[in-house]
Amino acid sequence: MSVKYIPVQWNPNKWIYDAVMLAGVALFLWVFLYVTPEVLSHERAINPQIHNARAFGACAFVMLTVILCIGPAARLDKRFLPLLYNRRHFGVMTAFVALTHAGYILNWYFAFSSRDKLVGLLSANTSFGQVAGFPFEVFGIFALICLLILAATSHDFWLKFLTPPIWKRLHYLIYAAYFSVAAHVSLGILQDQKNHVFTVLFMLGAGAVIVLHIAAWLSERRETAAKDGAWAEVANVGDFREGYAKIAKLANGERVAVYLMEGKLSAISNACAHQNGPLGEGKVIDCLVTCPWHGFQYDVRSGRSPAPFTEKVPTYRVRIKGDMVEVHPDANPPGTYVEPVPLPEPEPEPDTPEEGATA
Amino acid sequence: MDVATALVMAMQTWGIVGALVAAVFLTIGIDRIDEDVRGAYIFRPLLIPGVLLIWPLVLWRWWQIETERAAWADRYRPVRASYGLAVVLMSLGIIAVVIAGLSVRQSWPADIAPVQLSEGAGQ
């Protein structure tokens, strides 16, 4: 038994996040359509459908760019973490905006085709052997399919059903989608620019995504390179605070949360069984750590949720070597009890004369 | 039949099979493989688009769970090792396609004076 699935687990933060996001989309569309036509060189859009298609297409690109910047930014600087926690609503909204863009295109350029609209779209340009005039629509179609798959599999159920590794691999489609969007723009609208503002904005957005991701990847590589032994170092004994965890990153990429509870150390996976929330950011109360994302709880000694819940996460062995707390990278099966390791008694402070005292 | 018509037919067939899989999975299968689903019905329509799109994966996972073939540790195997490869490929691809796109861009002939190619009908 666990928490029953519901369509959306709303909370005040999500309402605020979604309200800001929707206001941002509305603002972008308004600015694009009515404020900056001459700046973005669409002051002479042929008709409202094409104008709207461009607005929604540009909006989808900007949203996708922001989504892709949030992840590495949060890894490089924890102040961006609040943006990460509700990113999937952002993703679903992006898929709808991209779908609207495709709808405008399909229902204008192919509305009067004697054939099926989709057949018309796929057969209108088949010059695949050349760069100039390449049928850039295929990149847009591919990106849209990727975005729809990511949006359609964003519910909690999919993460549990597919398992996090498969779900994560599936969601790596976001990188293929972004490349595809870049190709769609480069070989499409960029070919028809009369001024360079849009080109520059597009390159800045794509450049930000590239720079942030490469920086986050290099940062992670530096972190893990130093931890390539059997036992991984976590932190010094003195760095632990009662009731809180230190998070260690293993050479294989897994994260482990090591808690200090009642003077003893216990280690469990940092990924919550519910939605991979960061358990190491939760506080321990009565042996139970609470996931900061959705409130799932686990006994840090066994990785088990309290009855009647049945969630389990893997546990890890801990040891203290000298002044360093270490964790073994081989995970125990989820729910395996591990005896907590007591911290060494602090050495008594040598007697020092009181400040101001004289011999 | 041309390629475009065949592709659209393939998409339609994919969707029809997906709809059948969704009908069976969301009414029978899902209750068998996840106890959290039992008694929860309102969220199920949200899963229909996902099943339509990735039904082969749904069938494979359903079979895996029913037959208990997946090792417990698989669930906890991190995939971050692929992150670097994905990011580098994406970055190189974007740089290449932007350069290719800009290199074939034709300049707008705004500075060319208009030339009348044929006599007007009224002349």
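Helices (H or I, at least four residues) and strands (E, at least two) are DSSP runs, numbered from the N terminus. By that rule, chain A has 10 helices and 11 strands. This is a predicted model: local features need pLDDT of at least 70, side-chain atom pairs count only at pLDDT 80 or more, and totals for chains, interfaces and linings use all residues. Residues are numbered from 1 along each chain as its sequence is written, while chains are lettered from A and ligands numbered from 1 in the order in which they are written.

**View 1. Chain A meets chain B.** The contact takes 54 residues from chain A and 46 residues from chain B. Two residues are in contact if their C-beta atoms, placed from the backbone, lie within 7 Å. On chain A, α5 (117-123), α6 (137-152), α7 (156-162), α8 (164-171), α9 (173-186) and α10 (197-225) each supply at least two residues of the side that touches chain B. That side has 36 nonpolar, 11 polar and 7 charged residues. Ala, Val, Leu, Ile, Met, Phe, Trp, Tyr, Cys and Pro count as nonpolar, Asp, Glu, Lys and Arg as charged, and the others, Gly among them, as polar.

**View 2. Helix α9(A) is largely enclosed by the rest of the structure.** α9(A) has 14 residues. From first C-alpha to last, α9(A) reaches 20 Å, close to the 20 Å expected at 1.5 Å a residue; the expected span is 1.5 Å times one less than the number of residues. Of the 14 residues of α9(A), 12 are buried, including Tyr178(A), Val181(A), Ala182(A) and His184(A). A residue is buried if 20 or more other C-beta atoms lie within 10 Å of its own, exposed if 12 or fewer, and partly exposed in between, with C-beta atoms placed from the backbone.

**View 3. The largest nonpolar core has 68 residues.** A nonpolar core is a set of buried Ala, Val, Leu, Ile, Met, Phe, Trp, Tyr and Cys residues joined through C-beta atoms within 7 Å. Ala60(A), Leu64(A) and Ile94(B) are among the residues with the most contacts inside this core. Helix α2 (residues 48-76) of chain A gives the largest share, 11 residues. Neighbours within four places in sequence aside, Ala182(A) is in contact with Ala206(A), Ile94(B), Val97(B) and Val98(B). Another core, of 30 residues, lies apart; among them are Ala232(A), Leu279(A) and Val327(A).

**View 4. Two domains of chain A.** The assignment gives domain 1 (12-224) and domain 2 (232-342); such bounds come from an automatic or database domain assignment. Their C-alpha centres lie 37 Å apart. Here, 6 residues of domain 1 are in contact with 7 residues of domain 2. α7 and α10 of chain A each supply at least two residues of the domain 1 side.

**View 5. Strand β10(A) and its partners.** Two strands pair if DSSP finds at least two bridges between them. Strand β1 (residues 232-236) and strand β10 (residues 324-327) of chain A are antiparallel, over 4 bridges. Asn236(A) stands opposite Met324(A). Strand β9 (residues 318-321) of chain A also runs antiparallel to β10(A), joined by 4 bridges. There, Val318(A) stands opposite Val327(A). The hairpin of β9(A) and β10(A) has 2 residues between the strands, and Gly322(A) takes a positive phi near 65°.

**View 6. An open sheet of 3 strands in chain A.** The order is β5-β6-β7, with antiparallel pairing. β5 (284-285) and β7 (297-299) of chain A stand at the edges, each with a single partner strand, so one side of each is left without a neighbour in the sheet. Ile285(A) stands opposite Leu288(A) in β6(A).
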